[in-house]
Amino acid sequence: MSITILGIESSCDDTSAAVIRDGVILSNVVAGQDVHITYGGVVPELASRAHQQSVVPVVDAAIKAAGIDCSELSAVAFTRGPGLLGSLLVGSSFAKGLARALDIPIIDVNHLQAHVLALFIQQPDKKTDTPRFPFLCLLVSGGNSQIILVKSELDMEVIGQTIDDAAGEAFDKCAKIMGLPYPGGPLIDKYALDGDATKFEFAKPRMEGYNYSFSGLKTSFLYFLRDRLIENPDFIQQNLADLCASLQKTIIDILLNKLKKAAKDLNINQIAIAGGVSANSGLRNVLTQMAVKQRWEVFIPPVAYTTDNAAMVAITGYYRFIAGQFATYDMTPFSRTVI
Ligand code: KG4
């Protein structure tokens, strides 16, 4: 009998629903929230209200796009955390209500684990290559930067992580300093394409082991620009592409140096990236070049599965369903955790 999972994601500012059958994606619907643009960042209270408005139409659209009836669902998987509590409450409450009405199980999903398992989503028409266990996954998003040792689908160990800002935050905060709208990561990526990455140099942190730190980069970037702007108020406009390219290169270097060290120490050549920042074209290019030199086999999920999406929640739900890992109705969301 086939296993059909509805996934619901509402951890931050995207409402998403997806249907996966036996590991194969049938639909993935994502509704973003424009309401935050004027504030330069996500406003939690506005995010949860927007989720409330979107969750019913988004789930309905995902079911219809999958061409199934709700009665065919085996379980409803939802993001339990980490994320914004109010936003998570909307998705988890809706999942519980729907599952109870359909008399099927609910499955709680860790958002970070889901980012990693996005690598295993299969397309209906062709087989996706997946990494062999154990592999290393660099998980880089707006809220996290971690190196994860993935031993099996449901057995993961965080071996390094940021002690302050995440890589995505570094992109977004530096973009904000340059006057770019939120989220700045994709814009830095875009402007960097026309820039000279060797034009400016920014300080890199010295961190123990496989841990990261990005808050110092943001501060040194701020002081660097302040000094230049005193001399030339048009400095940012005149150097935007070079600033973006140099900053992006610095972040990529920081991320990949630790990944390289971990791969060498643990003697692992199966390497993956996941999370919103893995959509960065510079990171993808440098990683692909590094793979040749280091003899790595590299796995990069399609861009649609790197930012917040319910397909990754549904695939995690699928593996948890097989393992018999179900949630109970008294389970509440959590805002912070490690895997
Ligand atoms: O995974 P995600 O959608 O949300 C979290 O779970 O955090 O990641 C969002 C982050 C934001 O910081 C955004 O600026 C960054 O991913 N991002 C990028 C790119 N696309 C998204 N950063 C750099 N380059 C990109 N192309």
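This is a predicted model: local features need pLDDT of at least 70, side-chain atom pairs count only at pLDDT 80 or more; totals for chains, interfaces and linings use all residues.
Me: Why is N267 called exposed?

Reply: Exposed means over 50% relative accessible area. N267 has a relative accessible area of 71%, so N267 is exposed. This residue lies in the loop between α7 and β9, and N267 has a positive phi of about 55° although it is not a glycine.

Me: What makes R295 count as exposed?

Reply: The relative accessibility of R295 is 71%, and the cut-off is over 50%, so R295 counts as exposed. R295 is found in the loop between α8 and β10 (297–299). Its phi is positive, about 60°, although R295 is not a glycine.

Me: How do you know that the span of helix α2 agrees with its number of residues?

Reply: The expected span is 1.5 Å times one less than the number of residues. Helix α2 (residues 85–102) has 18 residues and should therefore span 26 Å; the end C-alpha atoms are 25 Å apart, which agrees. Just after α2, D103 takes a positive phi of about 60°.

Me: What makes S87 and L88 buried residues of α2?

Reply: Buried means under 20% relative accessible area. S87 and L88 are among the buried residues of α2, as are V90, G91 and S92, so each has a relative accessible area under 20%. The buried residues of α2 pack against β1 (4–9), α1 (44–66), β4 (75–81) and β5 (106–110).

Me: How do you know that I251 touches F214?

Reply: Contact means heavy atoms within 4.5 Å. F214 is listed with A167, A170, F171 and L217 as touched by I251, not counting residues up to four places away in sequence; therefore I251 and F214 have heavy atoms within 4.5 Å. In the largest nonpolar core, of 48 residues, I251 and F214 are among those that touch the most other members. The largest share of this core, 15 residues, comes from α7.

Me: Which peptide bond ending at P82 is cis, and where is P82 placed?

Reply: The peptide bond from G81 to P82 is cis, with omega near -5°. P82 is in the loop between β4 and α2.

Notes: Residues are numbered from 1 along each chain as its sequence is written. Side-chain values use heavy atoms; hydrogens and water are left out. Helices (H or I, at least four residues) and strands (E, at least two) are DSSP runs, numbered from the N terminus. Buried means under 20% relative accessible area, exposed over 50%, partly exposed in between (1.4 Å probe, protein chains only). A nonpolar core is a set of buried Ala, Val, Leu, Ile, Met, Phe, Trp, Tyr and Cys residues joined through side-chain atoms within 4.5 Å.
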